[in-house]
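Reader: I would like to learn how to read a protein model. Please take me through it one feature at a time.

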Amino acid sequence: MAIRIFHRDHPTLRLPFISKDARFVVWPGIGAWNANMNYVVLEPGEANVPHIHTLSEDTIFILEGEGTIYDLTHDVHLPFHAGCAVHVPAGVKHAVAADRGVRLVSVGGPSPADVPLLKRAGALPPDAESPPS
């Protein structure tokens with residue numbers, strides 16, 4: 001496979017349970033099984049649906065704004081702002097909220113790609129399997 005270029009304004013998938021503007025730029029749908037890059041905009045007051053990545057770690061880099069990461073497994077919430085990186089270990093139920101009165105823009109995502117979650121969301125067929133590493 002050759003090097004490819006993707007642009008956030010031309011995503012191949014959008015997932016509304018993440019946000020009204022969640023763009024999957026690099027993900028298994030384009031053949032990237034071990035890397036994932038999402039571009040997500042949360043408007044003030046918006047939050048994503050609480051979810052768990054059972055086999056993946058989630059890393060989110062905050063480009064703009066501020067908000068809160070909710071660790072629902074451990075009943076902890078942590079504020080963050082532009083320039084911060086948020087790391088969520090595999091198996092932790094979490095949600096990101098733009099609850100500080102400003103728009104939140106981030107990039108990142110689970111690694112490796114969360115194939116079980118993408119299957120449940122209908123973004124991958126039920127028989128999709130990552131290639132052997």
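This is a predicted model: local features need pLDDT of at least 70, side-chain atom pairs count only at pLDDT 80 or more; totals for chains, interfaces and linings use all residues.

Reader: Which residues touch the most other members of the largest nonpolar core?

Author: The general idea is that nonpolar side chains tend to be buried together in soluble globular proteins. Here the largest nonpolar core has 26 residues, and W27 and L118 touch the most other members. At least two residues of this core come from each of β2 (21–26), β3, β4, β7 (85–88) and α1.

Reader: What does L118 touch, leaving out residues up to four places away in sequence?

Author: With those left out, L118 touches L13, L15, F24, W27, P28, A123 and L124.

Reader: How many aromatic pairs does a search of the whole structure find?

Author: The search finds one. The ring centres of F24 and W27 are 6.1 Å apart and the planes stand at 85 degrees, so the pair counts as edge-to-face.

Reader: Are F24 and W27 buried or exposed?

Author: Both F24 and W27 are buried.

Reader: Which residue other than glycine has a positive phi, and where is its place?

Author: D75 has a phi near 55 degrees, and D75 is not a glycine. The loop that holds D75 runs between β5 (66–71) and β6 (76–81). D75 counts as exposed because its relative accessibility is 73%, and the cut-off for exposed is over 50%.

Reader: What is the volume of the largest cavity, and which residues lie nearest its centre?

Author: The volume of the largest cavity is about 250 Å³. Its lining has 22 residues, with I18, N38, V40, D58 and G109 nearest the centre. By class, 11 of the lining residues are nonpolar, nine are polar and two are charged.

Reader: Which elements supply at least two residues of that lining?

Author: They are β3 (37–42), β4 (57–64), β8 (94–97), β9 (104–111) and α1 (115–120). β9 gives the most, with five residues.

Reader: How much space lies in the largest pocket?

Author: The largest pocket holds about 240 Å³ of space. It is lined by 17 residues, and W33, P112, A113, V115 and S130 lie nearest its centre. The lining of the largest pocket divides into nine nonpolar, five polar and three charged residues.

Reader: What is the volume of the second largest pocket, and which residues are closest to its centre?

Author: Its volume is about 200 Å³. Of its 15 lining residues, I69, D71, L78, V86 and H87 are closest to the centre. The classes of this lining are 11 nonpolar, three polar and one charged.

Reader: Which strand gives the most to the lining of the second largest pocket?

Author: That strand is β6, with five residues. β5, β6 and β7 each supply at least two residues of this lining.

Conventions. Residues are numbered from 1 along each chain as its sequence is written. Side-chain values use heavy atoms; hydrogens and water are left out. On a 1 Å grid over the protein atoms alone, a cavity is a set of points where a 1.4 Å probe fits but cannot get out, and a pocket is an open set with protein on both sides within 12 Å along at least five of seven lines; lining residues have an atom within 4 Å of a point. Grid points are joined across faces, edges and corners, and a volume is the space filled by probe spheres set on the points. Helices (H or I, at least four residues) and strands (E, at least two) are DSSP runs, numbered from the N terminus. Ala, Val, Leu, Ile, Met, Phe, Trp, Tyr, Cys and Pro count as nonpolar, Asp, Glu, Lys and Arg as charged, and the others, Gly among them, as polar. A nonpolar core is a set of buried Ala, Val, Leu, Ile, Met, Phe, Trp, Tyr and Cys residues joined through side-chain atoms within 4.5 Å. Buried means under 20% relative accessible area, exposed over 50%, partly exposed in between (1.4 Å probe, protein chains only). Contact means heavy atoms within 4.5 Å. Rings of Phe, Tyr and Trp (its six-membered ring) pair if their centres lie within 6.5 Å; planes under 30 degrees apart count as stacked, over 60 as edge-to-face and the rest as tilted.
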